[in-house]
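Student: I am new to this structure and would like to learn how to read its features. Could we go through a few of them in turn?

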Amino acid sequence: MKVLLANPRCYCAGVQRAVRIVELAIERFGKPVYVRKEIVHNRFVVNRLEEIGAVFVEENSEVPAGEVVIFSAHGVAPVVFDEANGRSLKVIDATCPLVNKVHQEAARYVEQGYHILLIGRAGHEEVNGTLGHAAGNITLIEDIDQARTKEIGAYQKLMVLTQTTLSLDDTEEIVTALRERFGSVDQPPGKDICYATQNRQDAVKEMCSRGIDLLLVVGSPNSSNAARLTEVGRVRKVRGFLIDNETDLNPGWFAGVQTVGVTGGASTPEEVVDKVIERLRDFGATDVEICQTAEENTVFRLPDELTRDELVSGG
């Protein structure tokens, strides 16, 4: 059995930055450092950070007054900052800069008189944050059916924004449906789906075009970008599974499989994928070939309160 290993895969610059923020905060301020929600959607990342002194909470109310709280890479609504200020919490914002871009777009276009149509998944933390930046002036569209039927008022100007971790193919279909319905909708000059999400989807598309029989996406069940990778394979008629780690592998999946494609979501540590590859050797994998589709060299600066000089890179 042959393994095609996607590249790019695993950590993106935003995830790398968020994880490093927690590590540096523990070094700078000592244990414990509180993190609102999961810093990124990966169980192994969260477990490791807990081991070195991070305490994960659901809401600011669980953080003792005056302590350090880190907001996750998915971003938060403005009201969450207000809550933290009300408790005199020391806030470190680990929101991915690309998510921040969408937040700023939402606020800016509302000021310009637009009603925002946000393509995204209800309940996802990133979506909740974006909704909070345009409260009362935004409608969530989850799928093509809602694009065609969801009640939307009579607005003169409509602007479409997108959750950063969706499938570009799916969002384009939804935008097409919105244009068919309303005649004209606007979009920002640059796409909202992040470079890392798109690169990882493109790598899966390439592996599918090379004739893989099975797709394995390594990522936690609540990772939106990892889940989208399995969908990219599914629409191309490739059987695929989202697995948390090598223990999820089922020997029955590999009957008759000659080539298996492997990738990791943008919040998945590389070492978890390495263990999956090692386990695949037990199932008959003898050759691992890299499927290279892009080079990533994006860097995001860390918050000034942690360092003024250090950069982290992803990809």
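Predicted model: local features only at pLDDT ≥ 70, side-chain atom pairs only at ≥ 80, totals over all residues.

Student: Is Phe-81 buried, partly exposed or exposed?

Tutor: The class follows from the relative accessible area: under 20% is buried, over 50% is exposed, and values in between are partly exposed. Phe-81 has 28% relative accessibility and therefore counts as partly exposed.

Student: How are the rings of Phe-71 and Phe-81 arranged?

Tutor: Look at the distance between the ring centres and the angle between the planes; an angle over 60 degrees counts as edge-to-face. There are 4 aromatic pairs by this rule. For Phe-71 and Phe-81 the centres are 5.0 Å apart and the planes stand at 85°, so this pair is edge-to-face.

Student: Which parts of the chain does the pair link?

Tutor: Phe-71 belongs to strand 4 (residues 68-71) and Phe-81 to helix 3 (residues 78-86), with the two 10 residues apart.

Student: Now the helices. At what angle do the axes of helix 4 and helix 5 cross?

Tutor: An angle under 35 degrees counts as roughly parallel. The axes of helix 4 (residues 97-111) and helix 5 (residues 125-132) cross at roughly 30° and come within 9 Å. Helix 4 and helix 5 are therefore roughly parallel to each other.

Student: Is the crossing of helix 4 and helix 5 left-handed or right-handed?

Tutor: Helix 4 passes helix 5 in a right-handed crossing. On the side of helix 4, the contact is made by Val-99, Val-102, His-103 and Ala-106, and on the side of helix 5 by Glu-126, Gly-129 and Thr-130. By type, the residues of this contact are 3 nonpolar, 3 polar and 1 charged.

Student: Where is His-115, and which residues does His-115 touch?

Tutor: His-115 lies in strand 6 (residues 115-119). Not counting residues up to four places away in sequence, His-115 touches Asn-137, Ile-138, Thr-139, Tyr-155, Lys-157, Leu-158 and Met-159. With a relative accessible area of 4%, His-115 is buried.

Student: Is Gly-256 buried or exposed?

Tutor: Gly-256 has 73% relative accessibility, so this residue counts as exposed. Gly-256 sits in the loop between strand 10 (240-243) and strand 11 (259-264).

Student: How far apart are Gly-256 and Val-217?

Tutor: Separation can be read along the sequence or through space. Gly-256 and Val-217 are 39 residues apart in sequence, and 19 Å apart in space from C-alpha to C-alpha.

Technical notes:
Residues numbered from 1 in each chain as written. Heavy atoms only, no water. Axes fitted to C-alpha atoms, helices over the stretch in contact; angles between N-to-C directions. Helix = DSSP H or I, 4+ residues; strand = E, 2+ residues; numbered from the N terminus. Parallel < 35°, antiparallel > 145°, perpendicular 65-115°, else oblique. Left-handed = near helix turned anticlockwise from the far one by under 90°. Contact = heavy atoms within 4.5 Å. Nonpolar A, V, L, I, M, F, W, Y, C, P; charged D, E, K, R; others polar. Phe/Tyr/Trp six-rings, centres within 6.5 Å; stacked < 30°, edge-to-face > 60°. Buried < 20%, exposed > 50% of the residue type's maximum accessible area, 1.4 Å probe, protein only.
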